[in-house]
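Student: I have a model open and would like to talk it through with you. Could we start with one hairpin and then move on to the rest?

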Amino acid sequence: GGPPPPRKRRTGLIVASLLALALVIGLGVVGWFYFTGRFGIGPLSAADKEAASAITDGVEKPSWAEDDDVECAVDDLVGEHRSKGLEKRGVVEKDGDSWSYTGEWRGDDAAAYYESLLDCTDDWADKVGEEWKLSDTDCLGDIDPGTVGAFFAKDSLTLASGEESVAEDSKKAVEELDECYLEEPAAPEAEAAPAYRAVAFTFAEPEKPEAGELVISTGGEGSWTPISGTSVEVETEEGGAKGCVEAQAATTYPWGSTATSETEICGTAKPKRIWWQKPKKRCTTQPGCYSFQLNYEGFKDFASITARYTSNGGNCDAVSGSCSDTITAVPGGRGTVVTWSFPGSYRGTFVAKVGPLKAKIPN
């Protein structure tokens with residue numbers, strides 16, 4: 001018979017099989033790297049998850065966010081940079097076989113983290129607005145979360161670098177919040193009442209603002225001091241003088257801005273006065289005599305006081321022959337000018353005058 005048929009070469013089939021096997025193995029390896037996060041993409045690796053846990057446990061949670069919101073934002077951060085990247089950026093550091101949170105942030109990472117936290121928080125504007133006691137949160141919700149995130153990052157996180165950029169964006173957030181909500185409070189109101197060498201001011205209960213804290217202060221520019229209670233006294237040095245208080249109402253909002261209004265309120269101190277009074281010590285100059293002492297109050301410390309006396313409109317009939325006395329007011333502005341003794345038979349009208357002030361001994 002004829003020659004046998006040629007044998008088919010199987011080399012190509014073997015090569016193809018080997019290539020297919022290599023592809024399967026390669027895909028398996030690639031898949032393993034992908035699903036374990038070894039490529040820096042896809043699901044988080046075990047190291048990434050440990051770093052995320054360290055940040056979640058260490059970073060301060062704002063009162064308007066939930067635990068799940070923080071975990072969501074941290075996952076976004078770790079998903080973008082992975083544990084190795086965050087180690088280089090200073091957010092975490094290797095602590096033996098585990099990770100620890102450093103508490104220090106780059107400015108851009110801090111702002112990005114808070115922007116993610118706002119995005120992860122359902123109805124973040126309503127929750128932040130509730131915390132800030134805003135009745136209308138529409139305007140807050142219209143502000144870019146990235147700008148608001150920069151405000152929270154600057155206010156809440158320790159920035160190791162990039163402070164300028166975060167501060168600039170934070171300032172924009174504050175400006176927009178001010179435009180939405182800042183209102184000048186009503187000027188303080190107070191009732192002035194005369195006091196001894198002073199005026200007492202009692203302030204009305206101020207109308208509380210929708211958001212923020214309202215404080216009433218006195219003292220003037222550069223020396224505003226919050227009042228304790230509802231009243232304040234302003235000294236006038238002497239009676240009958242005018243006393244004024246500068247008052248300020250200041251509302252400080254949760255984002256740090258302050259709105260103020262100022263006013264001046266005046267009143268008059270109790271007037272100076274002189275009066276005759278029977279002394280505790282009885283007259284002993286002669287049988288049947290009686291005495292009166294001339295008192296003063298409301299005078300300025302160390303002021304010169306001259307008292308002039310008349311009896312029935314004429315000469316005072318003083319034994320010494322002098323119808324006047326000059327003394328220096330003691331500290332506190334209260335004291336006695338003189339003590340006069342009269343015979344038991346005296347029934348005249350005895351008058352003392354100090355400037356425009358007059359005091360008469362009754363019959």
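Student: In the hairpin of strand 10 and strand 11, which residue takes a positive phi?
Tutor: In that hairpin, which has five residues between the strands, Gly256 takes a positive phi near 100 degrees. Strands here are DSSP runs of E with at least two residues, and helices are runs of H or I with at least four residues, both numbered from the N terminus. Before going on, note that this is a predicted model, in which local features need pLDDT of at least 70 and side-chain atom pairs count only at pLDDT 80 or more, while totals for chains, interfaces and linings use all residues. Residues are numbered from 1 along each chain as its sequence is written, and side-chain values use heavy atoms, with hydrogens and water left out.

Student: How many bridges join strand 10 to strand 11?
Tutor: Eleven bridges join strand 10 (residues 242-252) to strand 11 (residues 258-268), and the two run antiparallel; strands count as paired if DSSP finds at least two bridges between them. Within this pairing, Ala249 stands opposite Ser261 of strand 11.

Student: How many disulfides does the structure hold?
Tutor: It holds five disulfides, and with bonded cysteines counted along the chain they follow the pattern 1-2, 3-4, 5-6, 7-8, 9-10. One of them joins Cys139 and Cys180, whose sulfur atoms are 1.7 Å apart. That pair links distant parts of the chain, with Cys139 in helix 6 (residues 138-142) and Cys180 in helix 8 (residues 163-181), 41 residues apart.

Student: What about Cys283 and Cys289, are they buried or exposed?
Tutor: Both Cys283 and Cys289 are buried, where buried means under 20% relative accessible area, exposed means over 50%, and partly exposed lies in between (1.4 Å probe, protein chains only). By contrast, Cys139 counts as partly exposed because its relative accessibility is 30%.

Student: Switching topic, which residues touch the most other members in the largest nonpolar core?
Tutor: That core has 48 residues, and Ile55, Trp105, Tyr113, Trp132, Leu140, Phe152 and Trp255 touch the most other members. A nonpolar core is a set of buried Ala, Val, Leu, Ile, Met, Phe, Trp, Tyr and Cys residues joined through side-chain atoms within 4.5 Å. Its largest share, seven residues, comes from helix 4.

Student: What does Tyr113 touch?
Tutor: Leaving aside residues up to four places away in sequence, Tyr113 touches Val59, Val70, Ala73, Val74, Trp105 and Leu157, with contact meaning heavy atoms within 4.5 Å.

Student: Finally, how many helices and strands does the protein have, and how much of it is buried?
Tutor: The protein has eight helices and 18 strands, and 37% of its 363 residues count as buried. Among the contacts with a separation of 6 or more, 64% are accounted for by residues 24 or more positions apart.

Methods:
Disulfide = S-S within 2.5 Å.
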